Amino acid sequence: MIYRIEKDTLGEVKVPIDKYWGAQTERSRKNFKIGLESSMPIEIIHSFAILKKAAAHANFEFGLLSKKKRDIISLVCDEIITGKLNKQFPLVIWQTGSGTHTNMNVNEVISNRGHVLMGGVLGERKKNFFIHPNDDVNMSQSSNDTFPTAMHIASYKKLIEYTIPSIKKLRGVLEEKSRSFKNVIKIGRTHLMDAIPITLGQEFSGYVSQIDHGLKSIEKTLYNLSELAIGGTAVGTGLNAPKGYDKKVTKYICEYTGYPFKIAKNKFESLASHDAIVEAHGALKQISVSLIKISNDIRFLSSGPRSGIGEIHIPENEPGSSIMPGKVNPTQCEALLMVCTQIIGNDVTISIAGSSGNYELNVSKPLIIYNFLQSSQLLADACTSFSYFCVKGIKPNYKRIQEFLDKSLMLVTALNTHIGYEKSAEIAKFAYQNDSTLKEEAIRLGYLTGDQFERLVNPSKMV
């Protein structure tokens with residue numbers, strides 16, 4: 001490996017000659033070799049670039065930054081946003097809890113890449129930085145307000161652009177199934193035991209409603225997620241940032257993203273806590289709980305095909321066993337279950353991390369955003385997969401549904417208001433004991449004639 005020498009306030013550091021990062025990034029890379037697979041989410045890096053570009057334009061307007069520096073910073077930020085420089089951000093989430101190392105990683109890459117764009121060579125600075133990572137790129141900022149700002153930009157964009165659309169797609173497929181199954185009368189189940197009739201469409205409508213409530217919960221959290229901490233600098237007082245700086249930066253962020261971000265009402269709160277993300281992830285947990293119920297129902301309803309319930313057919317996507325020929329399993333349901341379990345676990349992590357603020361700063365920021373973005377992406381991917389490879393292909397097993405409906409003892413419930421609960425229970429009890437039908441026992445006990453039973457016990461009128 002060929003190195004160049006970079007300097008920071010602690011001295012000289014060897015940095016790989018072909019990398020744009022600087023001394024502080026390299027120190028973090030060497031000092032935190034923890035869970036190397038847990039890289040800082042690229043969404044945070046891209047959000048940082050949006051913020052740094054906005055900050056450069058705001059600082060120019062205040063007369064603090066030259067036009068040439070503004071334009072070079074903006075150009076590098078655009079390269080970062082488009083993914084051109086993704087490999088220049090090697091740090092893991094297991095670093096300083098403020099995210100300072102990642103903030104400086106971005107600052108150093110912008111500085112060094114800007115130097116190259118201006119015709120310079122990496123490592124060959126005869127004078128001071130033309131674009132200094134701290135004095136220029138980080139001007140009017142602190143890691144303590146930039147990292148939470150990037151967190152909110154990344155979270156908001158992820159929910160709007162990926163998670164919510166994928167959940168809505170699943171909701172649409174479930175609603176379509178609910179409509180198409182509206183006349184399929186089947187036996188209902190409570191406590192896992194036979195209950196009174198329901199339509200398959202009604203059963204699926206419950207799933208649609210669960211998704212609707214979850215979507216509303218997620219959408220409600222967007223208002224608080226749209227608040228940005230920028231302008232608070234180190235502790236929330238805004239030291240070293242010009243008056244009105246937060247408004248200008250936020251205006252540019254809105255312009256670049258197309259989303260309605262706004263200034264945090266209280267900068268002390270936005271630096272020291274991350275309740276908005278705790279709230280938003282709580283909504284992701286809520287819909288995950290719903291999806292576990294939905295996926296379990298579908299895999300139980302499709303169980304068998306001959307020795308289970310088997311009331312619905314799900315798509316046969318792949319062989320289910322390495323030893324049992326012809327076996328097909330509800331794999332999409334299982335994948336969704338695991339994803340939702342992971343999200344619930346992430347919620348515990350975020351809750352504990354969210355409570356880990358002391359005085360003016362929360363010191364678990366990288367962990368919080370890593371888990372939030374993971375949950376958001378997993379949920380989006382799993383909903384899309386579940387929609388396309390499972391729900392879309394569900395078909396009723398009409399023969400099985402009718403068989404269970406005809407055998408159900410709980411149809412006797414329709415007789416409650418005509419012969420009373422106790423006589424109805426007696427009919428059901430003897431039908432079960434004698435392996436006979438409800439009709440046969442109603443006639444044998446002398447409670448109803450055959451015609452009366454046929455008129456009163458009509459599943460189509462019970463749904």
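These legends walk through several close-up views of a predicted model. Because the model is predicted, local features need pLDDT of at least 70 and side-chain atom pairs count only at pLDDT 80 or more, while totals for chains, interfaces and linings use all residues. Residues are numbered from 1 along each chain as its sequence is written, and side-chain values use heavy atoms, with hydrogens and water left out.

**View 1. Helix α1 and its buried residues.** Helices here are DSSP runs of H or I with at least four residues, strands are runs of E with at least two, and both are numbered from the N terminus. In α1, the residues A23, T25, E26 and S28 are buried; that word means under 20% relative accessible area, with exposed meaning over 50% and partly exposed lying in between (1.4 Å probe, protein chains only). The buried residues of α1 pack against β1, β2 (11-16) and α4. Take S28, which sits in helix α1: its relative accessible area is 4%, so S28 counts as buried. Setting aside neighbours within four places in sequence, S28 is in contact with L91, Q95 and H101, where contact means heavy atoms within 4.5 Å.

View 2. Side chains of opposite charge can pair when their charged atoms come close. A salt bridge is counted when a side-chain nitrogen of Lys or Arg is within 4 Å of a carboxyl oxygen of Asp or Glu, and the structure holds 28 of these salt bridges. One of them joins R27 and D8, with the closest N and O atoms 2.6 Å apart. This pair links distant parts of the chain: R27 belongs to helix α1 (residues 23-31) and D8 to strand β1 (residues 3-8), 19 residues apart. R27 is partly exposed because its relative accessibility is 25%, whereas D8 has a relative accessible area of 18% and is therefore buried.

View 3. E61 has a relative accessible area of 35%, so E61 is partly exposed. K251, at 44% relative accessibility, also counts as partly exposed.

View 4. The side chains of R70 and D71 meet in a salt bridge of 2.9 Å, N to O. R70 is buried, as its relative accessible area is 13%, while D71 is partly exposed at 30%. In another part of this view set, R171, E175, R179 and D212 are linked in a network of salt bridges.

View 5. Strand β3 (residues 185-190) and strand β4 (residues 193-199) pair in the antiparallel sense over five bridges; strands count as paired if DSSP finds at least two bridges between them. Look for R189, whose bridge partner in β4 is D194. Two residues lie between the strands of this hairpin, and H191 in the turn has a positive phi of about 60°. L192 is in the loop between β3 and β4, and L192 has a positive phi of about 70° although it is not a glycine. With 77% relative accessibility, L192 counts as exposed.

View 6. Most residues other than glycine have a negative phi, and most peptide bonds are trans. T233 is not a glycine, yet T233 has a positive phi of about 50°. You'll find T233 in the loop between β5 (227-228) and α8, and T233 is buried because its relative accessible area is 3%. Then there's the cis peptide bond that joins G304 and P305, with omega about 10°. P305 lies in the loop between α10 (275-301) and β7 (312-313).

**View 7. F130 and its surroundings.** F130 is found in the loop between α4 (100-117) and α5 (133-137). At 31% relative accessibility, F130 counts as partly exposed. Not counting residues up to four places away in sequence, F130 touches K68, K69, M118, R125 and D136. For a sense of distance, F130 and R171 are 41 residues apart in sequence and 53 Å apart in space, C-alpha to C-alpha.
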